[in-house]
Amino acid sequence: QVQLVESGGGLVQAGGSLRLSCAASRRTFTMAWFRQAPGKEREFVASIRWNGDNTYYADSVKGRFAISRDDSKNTMYLQMNSLKPEDTAVYYCAGGVGIPAPERNKYDYWGLGTQVTVSS
C-alpha cells in the first residue's frame with residue numbers, strides 16, 4: 001500500500017501561479033494528477049513516469065502546467081501557471097504500477113485531494 005498526501009492548494013487570482021506537491025510513502029512507477037470540479041467527473045491533468053521522463057498533459061493544461069518528480073524525496077509536483085477560473089477544482093494525486101495513462105482505473109493509489117480556487 002502507498003499513502004499519498006497532497007499539499008499546496010489555495011486561493012489565487014486568475015493569471016497567478018501555484019505549486020502542488022504530493023508526498024508518497026514510497027516510490028511508485030507512475031504518478032499523476034487528476035482534478036474534480038463541483039458537479040463534474042474527475043479528469044486527468046498530467047502524468048509522469050518514475051525517472052521523470054514520459055510526461056503527458058491534458059490539452060486544457062498543456063503549456064501552462066508542468067509536472068515533475070523528485071524520487072529522492074518520493075515527491076511529485078505540479079507547477080500551475082496562468083491559472084484560469086476553470087482550473088478551480090480539488091486536485092488529486094494518484095500512483096500506479098503501469099505506464100502513464102489518462103484513465104482513472106489505471107491508478108491504484110489516491111490521495112485525499114487539495115482544493116485549488118482561482119478567482120476571476
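Biologist: How many helices and how many strands does the protein chain have?

Modeller: Zero helices and 11 strands. Helices (H or I, at least four residues) and strands (E, at least two) are DSSP runs, numbered from the N terminus. Along the sequence, the pattern reads β-β-β-β-β-β-β-β-β-β-β. This is a predicted model, so local features need pLDDT of at least 70 and side-chain atom pairs count only at pLDDT 80 or more, while totals for chains, interfaces and linings use all residues. Residues are numbered from 1 along each chain as its sequence is written, and side-chain values use heavy atoms, with hydrogens and water left out.

Biologist: What does the radius of gyration say about the protein chain?

Modeller: Start with the rule. The radius is taken over C-alpha atoms, and the globule rule is 2.2 Å times the number of residues to the power 0.38. For 120 residues, a compact globule would come near 14 Å; the protein chain has 13 Å, which agrees. The C-alpha trace spans about 40 × 30 × 25 Å along its principal axes.

Biologist: Which share of the residues is buried?

Modeller: Buried means under 20% relative accessible area, exposed over 50%, and partly exposed in between (1.4 Å probe, protein chains only). Here 43% of the 120 residues are buried. The accessible surface of the protein chain is about 6,200 Å², and 48% of that belongs to carbon and sulfur atoms. Areas come from the Shrake-Rupley method with a 1.4 Å probe; for residues, only the protein chains shown count as cover.

Biologist: What share of the contacts joins residues 24 or more positions apart?

Modeller: Contact means heavy atoms within 4.5 Å. Take the contacts with a separation of 6 or more: 57% of them join residues 24 or more positions apart.

Biologist: Which residues is Tyr92 in contact with?

Modeller: Tyr92 lies in strand β9 (residues 89-96). Its relative accessibility is 12%, so Tyr92 counts as buried. Leave aside neighbours within four places in sequence. The partners then include Glu6, Trp33, Phe34, Arg42 and Trp110. For a distance check, take Thr30: it is 62 residues from Tyr92 in sequence and 14 Å away in space, C-alpha to C-alpha.

Biologist: Is Ser21 buried or exposed?

Modeller: Ser21 has 17% relative accessibility, so it counts as buried. Ser21 is in strand β3. Beyond residues up to four places away, Ser21 touches Val5, Glu6, Ser7, Trp33, Thr75, Met76 and Tyr77.

Biologist: How many aromatic pairs are there?

Modeller: A pair of aromatic rings is described by the distance of the centres and the angle of the planes. Rings of Phe, Tyr and Trp (its six-membered ring) pair if their centres lie within 6.5 Å; planes under 30 degrees apart count as stacked, over 60 as edge-to-face and the rest as tilted. The count is four aromatic pairs. One of them is Phe34 with Phe44, edge-to-face, at 5.7 Å centre to centre and 75 degrees between the planes. Phe34 lies in strand β4 and Phe44 in strand β5 (residues 43-49), so the pair ties together parts 10 residues apart in sequence. Phe34 and Phe44 are both buried. Phe34, Phe44, Tyr107 and Trp110 form one aromatic cluster.

Biologist: How many salt bridges does the structure hold?

Modeller: Five. A salt bridge is a side-chain nitrogen of Lys or Arg within 4 Å of a carboxyl oxygen of Asp or Glu. Arg64 and Asp87 form one, with the closest N and O atoms 2.7 Å apart. Arg64 lies in the loop between β6 (56-57) and β7 (65-70) and Asp87 in the loop between β8 and β9, so the pair ties together parts 23 residues apart in sequence. Arg64 counts as buried at 12% relative accessibility. Asp87 counts as buried at 0%.

Biologist: What else does Asp87 touch?

Modeller: Not counting residues up to four places away, Asp87 touches Arg35, Arg64, Phe65, Ser82, Val116 and Val118. Arg35, Glu43, Arg64 and Asp87 are linked in a network of salt bridges.
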